[in-house]
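Let's take a friendly walk through this model, from its strands to a pair of packed helices. Have the viewer open and follow along.

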Amino acid sequence: MTATWKQRLIEVEVGAVAHGGHCVARHEGRVVFVRHALPGERVVVRITEDTGGSFCRGDAVEVLEASPDRVQAPCPFAGPGLCGGCDWQHASWQAQRELKAAVVSEQLHRLAKLDWEVIVEELPGGPEDWRTRMRMAVGPDGRPGFRAHRSHQVIPVDDCVIAVPDTLEDVVDRTWPPKSELVIARDAGGRTHVTEIGPPIIRRGRPVPGPSRLRQGSGTATELAAGRTWNLRSDGFWQVHPAAADTFAKVVGDWADCRPGDRAWDLYGGVGLFASVLADQVGPQGSVAVVESSHGAVADGKLNLSDQPQISWHVGRTEAVLDTPDFTDLPPDVVVLDPPRKGAGKVVVTAIARSRPARVVYVACDPAALARDIASFAQHGYELAQLRAFDAFPMTHHVECVALLEPAR
């Protein structure tokens, strides 16, 4: 058995960026995934994980030859062994977007066999002070913080440079029940809502989240997007960048391009942000079917879109709902989908393609999942027509893409 490299210090030349917030290096025939480095640098790496296979993981703990794109991280909690929330604080903002563009292009090439030039567009506001929603963990000492990378260790913090200013000041200056979690939302009205989720409890041999209770705010967040005011559960899903919801809704609307009387599907529809845009396009004579697994999100959506009777709501797993007569017997003109990080998967892609919509607008938070699903669509005769990528999560490796797929010509 090969001896582990864990905690070993090695000197490497850093290669290309890889999906996940690290770069690829090689040492003694093995691949090393390196965080806190940039392509082209020469660094000393401390190995943090090694299971004895063909690759291991490590942190750049010393920079011997720096990239011109390297900057001083603005957060004192960013760096090897510290908060795992941000991946690219040591890179200029332009370089961050270029790294993300390279990742999206590489995933499309590797998984979908497409050579596609990608430009990651910035959203207004800069790389700091943007995050409106976050989840904090509470350590054994009752202090809130964020987990270290690929670890359960809680790193206590007194601020967060990517959080909207004043969001955390009433959270970090007190103690909380150990091992609990905090869901924090800063809404468009400037109000902060904090929900405490109790420590996990064991149920039937498996840990499940403990009971939750509102500790600050009204529990109803007010958001503004797509020309509407939304009143939503503060611990539910909403885009974390203030400009993201409006930006994505505009792109979805432009590419969906529904006509009055059309039938549209909004899959993984959440509270109905995209459904509201589609409903305005199809008008009273058209229809928009929203599929969403969260009962809470559907309840919020029905309340906020009660003035749009052409919207119908279907609660359940997307693959199961698409197999019901309401969907198999009523094919859509346009499909919009915004799946979770794992993507839609072959079953959902097959169901969509079988219905033969004229356009599919796919909103993706993971480029690898998007590329896999584009490849699946290609097997059913759909091709990528347009793609836009947005830096909706500055300082992190995450990137949001919107893709338009159409029947192959």
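Predicted model: local features only at pLDDT ≥ 70, side-chain atom pairs only at ≥ 80, totals over all residues.

Residues are numbered from 1 along each chain as its sequence is written, and side-chain values use heavy atoms, with hydrogens and water left out.

Strand 23 also pairs with strand 24 (residues 400–407), this time in the antiparallel sense and over eight bridges. There, Leu 384 has Leu 405 of strand 24 as its bridge partner.

Now step back to the loop between helix 1 (93–112) and strand 7, where you will find Glu 117. This residue counts as exposed because its relative accessibility is 71% (exposed means over 50% relative accessible area, buried under 20% and partly exposed in between, with a 1.4 Å probe and protein chains only).

Next, look at an open sheet of six strands with mixed pairing, in the order 1-5-6-4-3-2. Strand 1 (9–13) and strand 2 (17–18) are at its edges with a single partner strand each, so one side of each has no neighbour in the sheet. Inside the order, strand 5 (residues 42–49) and strand 6 (residues 55–65) run antiparallel, joined by seven bridges, and Arg 46 stands opposite Asp 59 in strand 6.

Helix 4 (residues 295–304) has several buried residues, including Gly 296, Val 298 and Asn 304. Their cover includes strand 17 (228–233), strand 19 (287–292) and strand 20 (311–315).

Finally, the axes of helix 7 (residues 345–354) and helix 8 (residues 367–379) come within 9 Å and cross at roughly 40 degrees; axes are lines fitted to C-alpha atoms, for helices over the stretch in contact, and angles run from 0 to 180 degrees between N-to-C directions. The contact (heavy atoms within 4.5 Å) is made by Gly 345, Lys 346, Val 349 and Ile 352 of helix 7 and Asp 373, Ser 376 and Phe 377 of helix 8.

Conventions
Pairing = 2+ DSSP bridges. Helix = DSSP H or I, 4+ residues; strand = E, 2+ residues; numbered from the N terminus.
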